[in-house]
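Hi everyone, thanks for making time this morning. I'd like to walk you through one model, so please have a look at it on the screen.

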Amino acid sequence: GETKMEGLSAMFNIKFANHDYDGQDLAVRDYRLIISLAGIVGWFVGFAVDSFIPTVGIVLLATFLTVCLTVPSWKRYRQNEIVFTKENEVRSILEKQKEQLSGFR
């Protein structure tokens with residue numbers, strides 16, 4: 001049977017995988033942009049109403065939004081899949097290099 005999380009991941013196109021390297025950079029850029037804009041907007045709102053509470057509230061809401069947008073591995077953050085070398089391929093490469101190096105003796 002399908003678990004609840006698997007159903008949600010299929011519905012929202014989320015894979016339980018990691019962001020690729022470009023996706024990590026994109027997620028960092030996104031969260032910095034969102035938090036910075038929220039801080040600026042929050043500061044102006046707080047200044048306008050002469051209270052620090054709206055500033056904190058806006059930044060907290062932006063933080064929650066940022067977590068929802070950047071923590072899951074959305075397709076946007078998985079555009080350049082990382083392909084790892086299989087163990088048997090690594091062994092054959094190492095053996096070839098070892099043979100090449102033994103020829104220098």
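I'll start with the overall fold, then turn to a pair of helices, and end with the last helix.

First, a reminder that this is a predicted model. The chain has 4 helices and 0 strands, and along the sequence the pattern reads α-α-α-α.

How much of the chain is buried? Of its 105 residues, 18% count as buried. The chain exposes about 8900 Å², and carbon and sulfur atoms supply 64% of that area. As for contacts, take those between residues at least 6 apart in sequence: 75% of them join residues at least 24 apart.

Now for the pair. Please find helix 2, residues 21–49, and helix 3, residues 53–70. We describe two packed helices by the angle between their axes and the distance between the axes. Here the axes come within 8 Å and cross at roughly 165 degrees. Since angles over 145 degrees count as roughly antiparallel, that makes helix 2 roughly antiparallel to helix 3. The crossing of helix 2 past helix 3 is right-handed.

Finally, helix 4, which covers residues 87–102. Is helix 4 largely in the open or buried? The number of buried residues among its 16 is 0, so helix 4 lies largely in the open.

Key: Residues numbered from 1 in each chain as written. Predicted model: local features only at pLDDT ≥ 70, side-chain atom pairs only at ≥ 80, totals over all residues. Heavy atoms only, no water. Helix = DSSP H or I, 4+ residues; strand = E, 2+ residues; numbered from the N terminus. Buried < 20%, exposed > 50% of the residue type's maximum accessible area, 1.4 Å probe, protein only. Contact = heavy atoms within 4.5 Å. Areas by Shrake-Rupley, 256 points an atom, 1.4 Å probe, with all protein chains shown as cover. Expected span 1.5 Å × (residues − 1). Axes fitted to C-alpha atoms, helices over the stretch in contact; angles between N-to-C directions. Parallel < 35°, antiparallel > 145°, perpendicular 65-115°, else oblique. Left-handed = near helix turned anticlockwise from the far one by under 90°.
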